[in-house]
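Work through the following exercises with the model open beside the text.

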Amino acid sequence: MWQGEVGMRIILIGFGVVGKSVTAIIARRYSERVKDYGFNPKIVAIVDVDGAVINPRGLSAEKLETLRQKGFPISKDPEFGHPGMSALDVIESVEAEVVVEVTPVNIKNGEPAMSHITKAFKTGKHVVTTNKGPLALALPALMELAEYNNVYFRFSGTVGGGTPMLEFAKRCLAGDKILAIKGILNGTTNYILTEMAQKRVTFQEALSNAQKLGYAETDPTMDVEGFDTACKIVILANWVMNRKVTLRDVDRTGIRGVTLQELDEAAKRGNTIKLIGAIDGEGKPTVKPMEIPKTSPLCVSGVLNAVTFHTEFAGEQTLVGKGAGGVETASAVLRDLLEIRRRLASKMLS
Ligand SMILES: NC(=O)c1ccc[n+]([C@@H]2O[C@H](COP(=O)([O-])OP(=O)(O)OC[C@H]3O[C@@H](n4cnc5c(N)ncnc54)[C@H](OP(=O)(O)O)[C@@H]3O)[C@@H](O)[C@H]2O)c1
């Protein structure tokens, strides 16, 4: 390791769509990152529901993927597997700098991610997550706990997938004041409303199409009732506008009630209806279907996401991009790891 190179041992919790993409892009970008940024990441443990694989010298993602493709759980690896070992045990016992938490979202109590994240903080590990659940329920408390334990907590992939909405607001608009935020933050509902408006199909037909294409879950409640957008609004409010709000503070309405007649009437006025997550000038968080002009930069189609930041000096700034996807979201994880690496390196120099 040369001077200025920061070694980073990573525990990856969750080996699904995002988790596998994290291992893939770290492997793909490895040599460039080491060369360009002095960044030397090593995945020393991966955990899923069945158990863990652990190798303090670094795991080969290709080998794990081969095991998965053969139908074996990763923890059945003959050399490094630990069947039945839980994520909490791994966080407690494996030496690492960072925990990457990418387990499924749960907005009832945030578990299992809530326990994984707090355990990581308490054992002095930085955390990168794409899981909105714990953040929507307790972001102010989690930010305090991270600070108390002197670790970094980053979650770029929770809003906008790979589109850097949180960083854009925090870093590119630094020095300005963000007065309000408005966004289309959920691709599934945007696809449904776009289909309804453009093809004149009912909500139910558009939802079935979204399910067939894999854009909507079998149980679409999180998306169509606006919970997913509400989670993202909570994260934006806390991280970008310093508002200490949680999911229960969001005034939320989903899109089930939007009719073709309402879309037709909006169209006559040159508008359309979108599910808009917003934080107004008073800091009030809302999610509801709203009429917006078809000419608005916010008015994106299909599964695209868009967010507009209303700022004091720079005016309105809109960012558009894909709001989900394994590789896209994993690119946000890599961005967060690089940001933590940068902060650790500057601490080493000071
Ligand atoms: N996919 C996207 O495009 C996207 C975009 C933005 C954010 N996100 C968020 O990122 C997170 C991961 O999404 P995903 O699409 O990768 O989900 P996923 O494909 O369902 O993968 C979840 C992984 O977590 C594992 N897991 C579940 N419970 C666990 C536990 N108690 N301990 C250890 N591992 C556990 C699962 O193991 P098994 O496979 O063995 O069940 C699976 O490997 C979610 O919170 C999601 O909302 C996803």
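**Exercise 1.** Which residue of β13 is the bridge partner of T308?

*Solution.* Before starting, note that this is a predicted model, in which local features need pLDDT of at least 70 and side-chain atom pairs count only at pLDDT 80 or more, while totals for chains, interfaces and linings use all residues. Residues are numbered from 1 along each chain as its sequence is written. Helices (H or I, at least four residues) and strands (E, at least two) are DSSP runs, numbered from the N terminus. Begin with strand β12, residues 304–311, which pairs with β13 in the antiparallel sense over 7 bridges; two strands pair if DSSP finds at least two bridges between them. Then follow the bridge from T308 into β13, where its partner is T318.

**Exercise 2.** Describe the overall build of the chain.

*Solution.* First take the secondary structure: the chain has 12 helices and 13 strands. Its radius of gyration is 21 Å, close to the 20 Å that the globule rule gives for 350 residues, so the chain is as compact as a globular protein of that length; the radius is taken over C-alpha atoms, and the rule is 2.2 Å times the number of residues to the power 0.38. Along its principal axes the C-alpha trace spans about 65 × 50 × 35 Å. Next consider burial, where a residue is buried if 20 or more other C-beta atoms, placed from the backbone, lie within 10 Å of its own, exposed if 12 or fewer, and partly exposed in between. Buried residues make up 46% of the 350 residues. Last, turn to contacts, which require C-beta atoms, placed from the backbone, within 7 Å: among those between residues at least 6 apart in sequence, 71% join residues at least 24 apart.

**Exercise 3.** Which residues are closest to the ligand, and how does the shell divide by residue class?

*Solution.* A residue is assigned to the shell if its C-beta atom, placed from the backbone, lies within 6 Å of the molecule. By this criterion 26 residues surround the ligand, and the closest are G14, G16, V17, V18 and A324. The elements giving two or more residues to the shell are α1 (17–37), β2 (39–48) and α12 (326–349), and α1 provides the largest share, 3 residues. To divide the shell, count Ala, Val, Leu, Ile, Met, Phe, Trp, Tyr, Cys and Pro as nonpolar, Asp, Glu, Lys and Arg as charged, and the others, Gly among them, as polar; the result is 12 nonpolar, 11 polar and 3 charged residues.

**Exercise 4.** Is R200 buried or exposed, and what is its phi value?

*Solution.* Locate R200 in the loop between α7 (187–199) and α8 (203–212). Because R200 has 11 C-beta neighbours inside 10 Å, it counts as exposed. Its phi is near 55°, a positive value in a residue other than glycine.

**Exercise 5.** Is V303 buried or exposed, and which residues is it in contact with?

*Solution.* V303 lies in the loop between β11 (285–293) and β12. With 21 other C-beta atoms within 10 Å, V303 is buried. Leaving aside its neighbours within four places in sequence, V303 is in contact with G187, N190, Y191 and Y215.

Technical notes:
Two residues are in contact if their C-beta atoms, placed from the backbone, lie within 7 Å.
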